[in-house]
Amino acid sequence: MEVPAVSLPVLSALVSGPAPSPSPSTSTGPLQVTPTLQDAQESATHAASWVEQNWSTWLAIGLRVLLILVIAAALRVFVRRAITKLIDRMSRTAEAVDGTSLGGLLVNAERRRQRSQAIGSVLRSVASFLIMGTAALMVLGTFEINLAPLLASAGVAGVAIGFGARNLVTDFLSGVFMILEDQYGVGDTIDAGVASGEVIEVGLRVTKLRGDNGEIWYVRNGEVKRIGNLSQGWATAGVDVTVRSSEDLDHVRSVIGEVAETISKEEPWSERLWGPIEILGLDSVLLDSMVVRVSAKTMPGKAGSVERELRWRIKRAFDAAEIRIVGGPAAVAEDEPVDPSAAVAAPSALGNPASPQSEATAPIPSPAASSGVPK
């Protein structure tokens with residue numbers, strides 16, 4: 001039977017017996033191995049090889065990201081400048097027709113300036129959001145990041161924000177379409193349903209109006225369901241002239257025609273009138289009066305001033321032609337006799353102290369005064 005060979009270190013360990021137990025003061029912590037120079041060289045060799053294997057990938061990713069950012073920045077600058085030049089060209093075109101009949105339809109320079117600035121701001125913001133958002137997604141795709149969870153989270157967040165701030169979104173979208181469609185502008189007089197007055201500022205969320213009494217209304221664009229613009233196109237000035245039913249209609253027509261011809265040839269009324277003043281005829285006929293309707297087409301917003309001037313001139317012409325307007329001081333007709341007793345009051349029985357009515361209203365004397373006995 002063969003005995004297996006035992007190495008010398010093992011045999012010496014068996015002979016020497018078990019090793020003595022460590023003293024309580026001896027540390028039982030793990031044995032710290034001091035790195036040697038060979039270990040450091042191996043670590044550096046592994047790091048260098050890993051960098052050598054991946055440096056081309058890093059360089060390609062960096063160049064791709066840099067190229068995306070440069071193209072996005074250049075495209076954003078180009079698009080914003082193109083939008084700015086387009087808005088400036090629109091403003092110059094509007095200024096070129098200022099002072100002409102077409103320029104009168106554009107109301108004023110402040111309206112054109114605010115509308116151009118609003119349109120340019122909206123277009124520039126939309127262009128910047130689309131370009132930079134697309135660039136950010138492309139950069140994330142370059143780093144091989146899964147964009148599906150990100151897009152899903154963005155979709156959920158967008159739906160939540162849309163439900164929570166739907167009034168704000170509605171106001172913003174309504175303001176954008178109002179400005180793009182030029183439904184009204186600065187200087188227009190509008191009736192927005194909830195308020196009416198002159199537009200002093202048009203924003204993407206709120207429109208500011210000044211009322212007839214000077215108050216300022218802040219109207220949210222999303223609350224406006226219908227708009228009546230009183231300053232676009234042309235306006236109609238209408239005057240109702242009420243005279244007595246006994247007046248000669250041909251004479252009344254001729255006097256009003258002379259007034260219309262005179263005002264049409266004088267400044268500044270000749271510019272404010274966009275058509276001849278028409279006598280439409282009798283609007284109503286009553287027992288003691290009749291109404292003659294006069295109408296004229298005017299510039300937007302000038303109907304009120306034209307109506308006041310027409311009333312002024314028609315009243316003076318009627319006074320010169322001895323045509324009385326119903327509602328003025330009534331004159332006494334020559335064929336009607338004057339009653340002298342009209343201003344005398346009716347006789348009263350109480351005016352005679354000896355009448356039975358006066359005696360009945362006299363105070364009743366006291367018994368003591370009638371008997372002569374002192375109180």
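Helix H7 passes helix H9 in a right-handed crossing; a crossing is right-handed if the near helix is turned clockwise from the far one by less than a right angle, and left-handed if anticlockwise. This is a predicted model, in which local features need pLDDT of at least 70, side-chain atom pairs count only at pLDDT 80 or more, and totals for chains, interfaces and linings use all residues. Residues are numbered from 1 along each chain as its sequence is written, and side-chain values use heavy atoms, with hydrogens and water left out.

**The helix pair**

H7 covers residues 249-264 and H9 covers residues 303-320. Their axes come within 10 Å and cross at roughly 130°. Axes are lines fitted to C-alpha atoms, for helices over the stretch in contact, with angles from 0 to 180 degrees between N-to-C directions. H7 and H9 are therefore oblique to each other. Angles under 35 degrees count as roughly parallel, over 145 as roughly antiparallel, 65 to 115 as roughly perpendicular and the rest as oblique. Helices (H or I, at least four residues) and strands (E, at least two) are DSSP runs, numbered from the N terminus.

On the H7 side, the contact is made by Val-252, Val-255, Ile-256, Val-259, Thr-262 and Ile-263. H9 brings Glu-309, Leu-310, Arg-313, Ile-314, Ala-317 and Phe-318. Contact means heavy atoms within 4.5 Å. These residues divide into 9 nonpolar, 1 polar and 2 charged.

Two strands pair if DSSP finds at least two bridges between them.

**Strand pairs**

| E7 and E8 (residues 289-298) | 6 bridges | Ile-279 with Val-294 of E8 |

E2 and E3 form a hairpin with 3 residues between them. E3 and E4 form a hairpin too, with 5 residues between them. In that turn, Gly-214 has a positive phi of about 95°.

Conventions. Ala, Val, Leu, Ile, Met, Phe, Trp, Tyr, Cys and Pro count as nonpolar, Asp, Glu, Lys and Arg as charged, and the others, Gly among them, as polar.
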